[in-house]
Amino acid sequence: MKNEGETAQRPDNTAFTQQRLPAWQPILSAGIVIPGFLVIGLAFIGIGVGLFLTSQTIQVLEMDYTGVATDSSCFRCSMTSSQNCTCEITFSLDKLFTGPVFFYYGLSNYYQNFRKYGVSLDYYQLSGDTQYFTSPQSVCSPYSYDNQNRPIVPCGAIANSMFNDTFELYQIINGTKNLVPLDGKGIAWWTDYNIKYRNPSFVNGSLANAFAGTVKPINWPKPAYDLDSTDPNNNGFLNQDFLVWMRRAALPQFRKLYRRITEGNYAAGLPAGNYSMTVHYNYPVLTFDGRKKVVFSNVSWMGGRNDFLGIAYLVVGSLCVVMSIIMLIVYAKFKFSDDDA
Amino acid sequence: MTGSTTENGIKWEVRANGRDFHQSCRRRSVLCIRWGRYADNVVRSYKYTPLTFFPLNLYEQFQRAANLFFLLIVILQCVPVIATIPWYTTMLPLLIVLFVRGCKDLATDVGRRRSDAQINRRPCDILTPEGFKTVKWKDVCVGDILRVHKDQVIPADLLLLCSTEPYSLCYVETADIDGETNLKFRQALTVTHTELNGDSTEQNLAAFDAIVRCEEPNGNLHSFRGEFHWKGERHLLGTDHLLLRGTVLRNTDYAYGLTIYTGSDSKILQNCGRLKLKKTHVEILLNKTVLVILLFMLTTALLLAIGAGIFEYRISPNYDVVSIVQRDSSPAYQGFLTFWGYIILLSPSMPMSLYITFEVIHMVHCLLIGWDVEMYWEDTNCPAHARTTTLNEELGQVGHLLSDKTGTLTQNRLLFRQCFIAGHIYGDISQKSKPLDLSWNRFSCGGLKFSDQRLVDKLRGRGSLECQEFFTALALCHTVMSEWKDGLPHYQAASPDEEALVCAARELGWVFLSRTRDTLTISEMGLTRNYQLLALLDFTSKRRRMSVLVRSPGGQLKLYSKGADIVILERLQKDWPLQESTDRALELFAQSCLRTLCVAVRPVPEALWTEWSRALNLAGTATGNQETLLEEIYDQMEKDLMLLGVTAIEDRLQEGVPETIASLRRAGVKVWVLTGDKTETAVNVGYACKLMDPDTTLIQGEELRQLLESPSPNVDVKSKEPEVWITDKKAVMSKAALVISGPELAELTKSSEWGAKFVALSGQCQSVLCCRVTPAQKAEVVEMVRKHSASITMAIGDGANDVNMIKTAHIGVGLCGVEGSQAVLNADFALAQFSFLRKLLLVHGHWSYYRISILLRYFLYKTTAFALVHTWYSFYNGFSAQPMYESWYISLFTTTYTSLPIQCTGIFEQDISARSCLCWPEIYSIGQKKQLFNPSVLASTLLYSFYSSIIFFFVPMGILQYSALDFQTLAITIETSVLFATTLEVILCTKYWTKWNVAAVIFSLAAFFLSTLALHSTRLFTASPKDYFFLGASQNAYSTPEVWLTIFVTTCVAVLPSITTRALGVVLANPNKHKIHSSANEPVELQSWFQRGTVQRRSSYAVSQGKGFGKLITTGVGLPSAAPRQDGRVTAESLKNESPQGLHIEMNRAGVSC
C-alpha cells in the first residue's frame, strides 16, 4: 500500500490544517460580565421608559357597536337580517383628538388566519389574469362557482367575506350634523395597490365588460367593478377597502384601517365636541359570537398606542439589573471565601 | 493406517490438480441466493456494483429513520388536503442530504474496490499443464498446486506437499495471524516428501492425483483435521501441514502446496468478523433524543388535532366563513386531516439537516486528523488516517485503551544493552554513546547497541577468563539456527531474546557459526572450535531456563545454563562470590527496565555424565509421565552452577510510549495490554512503558482467582464501585495490576458474573495485562469490557491478530507497522506510531467531542425552538395548521440561514488550545464523564428551546396585537427574531473566533435579508404569484419601527437564559478554575514513585508460546548430517498427544534419539 504513493504524503503545514488559525478568543471575566449586565439593563430601562411615555401620549378611542346589549343603538340592527339597517352611535371628545386621526374598524373572534380560509383566493385572478376569470383555481372552492356554475370573481372565502359595514362621521355643532370628511385613499399597501393586485384590462373602455361572464361573490351586494360608485378608479380589485380586507390579519382579534381624517377643518384633528357616527350595519358577527368596533387613534413615530412594548423593555431591563446585582453578590461571596481559604 | 476415522465434519473434498472439478462447484451468488461449494480466491469487501449502487444505496439510506421520516413527510405534502406547506420545503433538503451521503458512500466503496484489487492482483505461481505459470491471486482455485517462493505471502490455505528444504520442512512467519514474529515450522507428509521431491518435481506434481478430505472451512486457526488419500493409502493431516493464507514463507527457497481453502473459505478470512457499522454513544443518544422529539411531535400534533376537532365541533358551525371552506366534513375527519397537517408543519423540529451536518463535520474532523503534521511519521511516509468517519467524538471519551504489545508498544526489537561479568557492569543505556569499532571482527553485521570499549579490550586482550567464558556460554547455550548469507551468519531463533544474545556474542567476537545435530561450531575471536553437543535441556515456561551440555575441544564436559535470575541463583553453588554486587546489578538493570538473564556454567565430571545420560535415555523410552520425568532429570544436572554473569536486554519500546501511557493515565484512561506473548515479557513491557509503577504489585493466578471468587457481601456487581477491595486491599489495589493469561481468561469470560467482577476489579487497579491470548480472546476481552463498563473502549494493534479486537472495540486503531496491513484495513483510525495516540485522543478527540456536543445541542435548540412556534400560533388560528412562517423561510432556515456559523464553530472551535490539552490531560475526563452531551444536558437544551419558542411567539403577539399589522408582518417579525436569536446563540457558543466564523455569521444574516428581499420582490411574484405571495411584506415590515423594536426585545428575551447561565458560569468559574490548575500538579508524583519505590527485579526469557527449537535440534530434523529419520508417518496416538494450544511444533513423532 505505502509503496504506491511515492510522493511524500506529508501534510501541509498551514495554519488551517494544523488548526492554528489566528483567532480572537474573548475571555470573559466577572469584571466585564457584571457591569455589562448592568449597562444593558439600564439601556433597556431607558428605552422602555421612552417607549412607555410615548405610548401614553397617543390618544385612542374605541367603541363597540355590535349591539349585544339591548340598550345599545345597534341592537336593532344586530337582531334583524335586513341588509339596509343603519344605526347611530354618539360620542363626545372633551379635548382635541390630535390629527392625523386614523379610523379603524375592528373585529374580534374572527379567524381570518384560519388556514383554509387564508389560502382561499386566486392570486392569478387577482393580478388581472382573465384566463382565471373563467376558471378560478380550485383553492377558491367552494367559492369558485355559483350554483349555476358561473365563475365567481373575485373567488375565494376571503373575498366573499369582505367586511361591508360603512360609516359616516358627523360632528354635531349646535344640533346640526357636519360631515367629517374621511380619506379613503392610500390606506392599502403600496405594493398591493401597485403590483400585487391588478384590474383586468378594460374591454370596450369599461371595467364591467371585463368581468362579463362572471358573477359577484355570493355575499357581496354589488359586483367588484361597482364597489365604489363615487370614484370609478376605486373599483375592481384596486378598491382600497378590498385591498385592506384581503391583507389578512394575524390574530382572531384584529383591526383594519378604514379611513384617515386628514382633510378640511379636521386636518389638525377632531376638535372637542359631540360626534355622531352613522353605521350601515350589514356584517353579521353575532352568529359566531364576534364583536365589531370602531377605533379612532393617532400615531407617533413608533406607531399606534402600545403600552406592552414599553413594559417589555422595562421588564427585560429590570431583569438584567437584578441579575447583575445577584452576580455581584455571588461573586463577592466566592471571592471572599476564596481569600479566606 | 491406524484407526478408522471417518468422523463427522470431514466433508470437504479437494482433488489435487482437479481444477475442472472444483470450478464446476464454484460458489456463485445472485442477489442473496448462493449456490456452489468452493469460494474463489477473490477478496470482495466492496458493497456496490454500478447496477446495484442506486437501489442499494437508496435502500440503505432510507433505513435511516430520519430519511424515511422525511420521505413520508414529502409524500404527505403531496396530498393537497393536508399540505400545510408546499412539498419543496422538505424535498430540497432531503435531496441534498441523499446526494451528499450517496457521494460519500460511493467514494468509500471505490476506495474499497481499489484496495481489494490490489490484493487480488498479487502474483503467484500456479501449476498448469505447461508448467508453472504466474497468475494473479484471484485466479487461484481449490485443487491447484502452487509454488510459493521465499518471502512471498501465501495466497490461500495450502497443504504443504514438499519444499526445497530437507525433509520438506518449511518456515513461515505468522505475524499477520498471531502477531508473533518468530518463525514457525511446517512439514510435509513423509509420503509426499519422498514421492514428489527429486529432480523432476514439476512432473511429479503434475501427475499428483491425491484426494484430501478435511473439515469444512472454519475460523479455527490452530486446528485442522483431515485425511490424505493417495495411492490407496490414507494419512492423517494436522495443522502443521497447513500453510495459512496471509503467512509469509521464510528461509525456504520454494514450497509446493495444494490449495485447500480459497478466498472467504480460508482460515484468516473466516476469522474476520462481519463488518459492523459502528455508532457512537453520542449518536445513539442523539437518535434517542430525536425519537423523543418525534414522540413529542406526534403528541403535540395529536393534541392540536383534538383541538381542531373541538374547534370544528363547537365554533365552526356558527361560523359560516370557516365551516363552508371545511366543506361540511365531520369534526373527527377534520381533526384527522389537521393531525397530518401538523405533522408536516412540525417536521422541521426533526433535525434532518443535523444528520448531514453531523457527517460533514465528522469528515472535516477526520481530514484534520490526517492533516496533522504532528501525527505524520517521516520514516514510513505515513500520515494519520481516519478510515471511519463517524467516530470522532468518541475519541474524546475513551475510558479503556486495549493495546496489543508486539509492534504496538514495542518495536519487537530486542537489544543487548548491558552485562554484568565478574563484578563489573559493562555498557550504559544512554542513547548518546558512540558505537563500537568492530572492524576487527570479520563476522560483524552491525546492529549492536552496546558500547563499552573496556569489555572489547578485555575480550581482545584475552585478559579476563570470566568474560571469555561468559560469551562462550552465550554462543553455545541457545537453540538458534544459523544461515549463511554473503559470508555472514544470520540467525533464526524461536525467541527474540536468544537472537539478541547470540548476535551480541557474534559482534563481540564469539561467533556461532553452525550446528549439526551433535556439534556446535563457534569462532572464538577468529579461532574456530567445535563443541560436541551432548544434551540440550530445553526451555519450558515452567522451567524458565535452558542448558546445554557440551564437550569442549579440550575434552572437558561443561554445562552452560541461562535462565531467569530466580531459578539460576537458587541453583548456584553455596556461598557463591559477588552475591551482593550481583544483586545490585540486577536491581540496576531492573530500574532501567531491562530484561535480565543469568548465565552460569558447571563443569561436569565424566562419571556424572555417564550416569546421567543413562537416566536420560531411560526417561526417553519411558511411557506415561515423560515430561515430569525429564524435568526431574534435568533438575539433577542443573545444580552447583557457577554464575558467569548477567545479561540485560532492552525490549525496545516504540518512541514516546512511556510518555504517552503516562499522559493517558493522567487523563483517566485505563490501559490494558492484550498480547499473545508470554506473561514475563508482557509484565516487563508493562513496567518499561510506565503502565505500572516499579512498586506495583501483580495480582495473578491463584490470588486473582481468590479475589474474584470471594463472595463478599459487600460486592454488589451492579453498583459500579464494589467495596470489597476498598476495605483491606485499597492500598494494595491502587498500586496493583492484574495479570491474567489466556486459559484463565477463557474461564472468566464464560460467566458474566465473573466478567463484571473482573472489570470492576480492574477499575481499582492501575492496569491489566492479558497474556497468551488468542485473537478471538482479545475480542472477547474487549467485549467483556464493553459489556460490564459504561466506558468507551479503544483497541490498538498492528497485526492481523488484532483485527478481531479492533473490530469489536468502539474504536479500533491500526498501526501502519512494517507487517501486513490487515490491522489498518480493519481499523477506524490508522496511525504510524503509538505515541500519536496522545494527540489523537487528548487533542483531536477532546476537540471533536467538544465541538460535536455544541453542534448537536445547538441544532436541537434551533430546530425545536423554530418549529414549536407553530404550536403556540395554533391557539390563535383555530388549530388550522396555519404555518407561522413563510414556506420559503421554513425550507431555507436550517439549510441556509443558520447552518454556516454552527458549521464553522463545529470545525474551528477550541475550548482549550492543543498545548493545554496535552499539558493537562485531566481535561479529557469531560468526555469520559459525558459532561457535555448527556440526557440532563439535552433536557435542559430542549427546555430552553421550549422557552425560546414561547418567547418567539408571545412577545411579538403581545406587542402587535393592538396594531393594525397583518399576518405577513407578524410572520416577518417572528422570522427575524428567530433568526437573530439563533444566530446570537451560536455567537455565544463560539469562543474561538476565526475570520471564517465572522464571515459565516455575516454571510448568514446577509443571506437572510437578501433572499427575503428577493423572495418578496416583484420579479418573482410576477413569475409565480402562488409561491411568492409575500410580495412587499418585508419592505413594509422593516420600515416600521415597531417591528424592529419588537424584534430586538424578542431576541434579547429569548436568549436571556443562555446569556445569564454563561455569565453565571463566568462568575462562578473563576475560583474553580484555580482549583483545577492546582490539582493538575498531583500526577507529577508518578515521577517520584519511580525513584522511591522498591524495585522488583524482572528476569525472564521470551520464547514463543511453545517450546523452543530444542527438540528439533536434538532430533536433528532440518539439520545437515543428521541421522536418517525414522518412520515419520502420522499416527493416531501422536495426533492425540498434540498439545491443547496446538501452537507449537510437535516433533514427537520422530522420537527422542539421544
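Let's start at one residue: leaving aside residues up to four places away in sequence, B:Thr192 touches B:Leu160, B:Leu161, B:Cys162, B:Asn197, B:Phe208, B:Phe228 and B:Trp230. Touching, or contact, here means heavy atoms within 4.5 Å. B:Thr192 sits in helix 6 (residues 190-196) of chain B. Is B:Thr192 buried or exposed? B:Thr192 is buried, at a relative accessible area of 1%. For the cut-offs, buried is under 20% relative accessible area, exposed is over 50%, and partly exposed lies in between, with a 1.4 Å probe and protein chains only.

A quick word on what we are looking at. This is a predicted model, where local features need pLDDT of at least 70 and side-chain atom pairs count only at pLDDT 80 or more, while totals for chains, interfaces and linings use all residues. Residues are numbered from 1 along each chain as its sequence is written, chains are lettered from A and ligands numbered from 1 in the order in which they are written, and side-chain values use heavy atoms, with hydrogens and water left out.

Now let's step back to chain B as a whole. Chain B has 1154 residues, and 60% of them are buried. Its secondary structure comes to 43 helices and 35 strands. Those are DSSP runs numbered from the N terminus: helices are H or I with at least four residues, strands are E with at least two. Take the contacts in chain B between residues at least 6 apart in sequence: 75% of them join residues at least 24 apart.

On to the strands. Two strands pair if DSSP finds at least two bridges between them. In chain B, six strands make an open sheet, ordered 5-4-6-15-7-13, with antiparallel pairing. Strand 5 (131-136) and strand 13 (242-243) of chain B are at the edges with a single partner strand each, so one side of each has no neighbour in the sheet. Within chain B, strand 6 (residues 145-149) and strand 15 (residues 254-261) run antiparallel and are joined by five bridges.

Next, strand 32 (residues 767-771) of chain B. Why is strand 32 of chain B described as largely enclosed by the rest of the structure? Because five of its five residues are buried. As a reminder, side chains in a regular strand alternate between the two faces of the sheet. In strand 32 of chain B both faces are covered, with B:Ser767, B:Leu769 and B:Cys771 buried on one side and B:Val768 and B:Cys770 buried on the other. Strand 29 (residues 670-674) of chain B runs parallel to strand 32 of chain B, with four bridges joining them, and B:Leu674 has B:Cys770 as its bridge partner. Strand 31 (residues 736-741) of chain B also runs parallel to strand 32 of chain B, this time with five bridges, and B:Ser741 has B:Cys771 as its bridge partner.

Strand 23 (residues 519-524) of chain B has five of its six residues buried, so strand 23 too is largely enclosed by the rest of the structure. Strand 22 (residues 510-515) of chain B runs antiparallel to strand 23 of chain B over five bridges, and the two form a hairpin with three residues between them. There, B:Trp510 stands opposite B:Glu524. Strand 23 of chain B also pairs with strand 24 (residues 527-537) of chain B, antiparallel, over six bridges. That hairpin has two residues between the strands, and B:Met525 takes a positive phi near 50°.

Finally, the interface. The area buried between chain A and chain B is about 7600 Å², with carbon and sulfur atoms giving 65%. Buried area is the accessible area (1.4 Å probe) that two parts lose on being put together, summed over both. A:Gln19, A:Phe114 and A:Arg115 supply 10% of what chain A buries against chain B, more than any other three residues.

Between the chains there are two salt bridges, meaning a side-chain nitrogen of Lys or Arg within 4 Å of a carboxyl oxygen of Asp or Glu. One salt bridge joins the side chains of A:Arg10 and B:Glu378, at 2.7 Å from N to O. Thanks, everyone!
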